[in-house]
Amino acid sequence: VTNVDRTPRNTNMLMWHRQPWLIDHGATLFFHHSPGWHTEPERARSPFPGIKDHVLLRRASPVTDVDDGMAATLTADVIAGVLAMVPDVWLSADPGSPPADDLRSAYQRYLVDRLASPRAFVEEAARVR
């Protein structure tokens, strides 16, 4: 999504049986740590400048070659299904946070908007690659 933890400074990757394993996906949704993310829909359409430091970018296939197929598999229904599995207490654990259903809707909107074409983060990855 927008994981900042794949840079030389902090790759959060392990090698096991000569295969890389990506670990610690906590930073994948780092946008939700920014105040106002759920009320400012334009944030979902922003590029991801941090992609330039991704340790696997130079080894990746051209992202434009795989982008449409991957985006097509992550439909609004798939996102809704995943969000339905998130316990309410995980969404509204902080005092004063919006109700879980409101946050679930905000995540749905953000992630679906992020997938809408053209995807600025894909264009950014292609540009810096």
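Author: From the N terminus on, the elements of this predicted chain run β-β-α-α-α-α-α, which comes to five helices and two strands. The C-alpha atoms fill a box of roughly 40 × 35 × 25 Å along the principal axes. Of the 129 residues in the chain, 26% are buried. Among contacts with a separation of 6 or more, 66% are between residues 24 or more positions apart. The chain exposes about 8700 Å², and carbon and sulfur atoms supply 60% of that area.

The part to look at closely is the pairing of α2 with α4. Helix α2 covers residues 76-84 and helix α4 covers residues 100-115. Their axes come within 10 Å and cross at roughly 150°. Angles over 145 degrees count as roughly antiparallel, so α2 is roughly antiparallel to α4. The crossing of the two helices is right-handed.

On the α2 side, the residues in the contact are Ala76, Ile79, Ala80, Leu83 and Ala84. They meet Arg104, Tyr107, Gln108, Leu111, Val112 and Leu115 in α4. By class, the residues of this contact divide into nine nonpolar, one polar and one charged. An α-helix has 3.6 residues a turn, so residues three or four places apart point the same way.

In helix α5, which spans residues 120-128, the buried residues are Ala120, Val122, Glu124 and Ala125. What covers these buried residues includes α1, residues 63-73.

Glutamate 124 deserves a separate look within this group. This residue lies in helix α5 and has a relative accessible area of 14%. Buried means under 20% relative accessible area, so glutamate 124 counts as buried. Leaving aside residues up to four places away in sequence, glutamate 124 touches Pro47, Phe48, Pro49 and Ile51.

To return to the helix pair: α2 and α4 are roughly antiparallel, with a right-handed crossing, and their contact includes nine nonpolar residues.

Note on methods: Residues numbered from 1 in each chain as written. Predicted model: local features only at pLDDT ≥ 70, side-chain atom pairs only at ≥ 80, totals over all residues. Heavy atoms only, no water. Axes fitted to C-alpha atoms, helices over the stretch in contact; angles between N-to-C directions. Helix = DSSP H or I, 4+ residues; strand = E, 2+ residues; numbered from the N terminus. Parallel < 35°, antiparallel > 145°, perpendicular 65-115°, else oblique. Left-handed = near helix turned anticlockwise from the far one by under 90°. Contact = heavy atoms within 4.5 Å. Nonpolar A, V, L, I, M, F, W, Y, C, P; charged D, E, K, R; others polar. Buried < 20%, exposed > 50% of the residue type's maximum accessible area, 1.4 Å probe, protein only. Areas by Shrake-Rupley, 256 points an atom, 1.4 Å probe, with all protein chains shown as cover.
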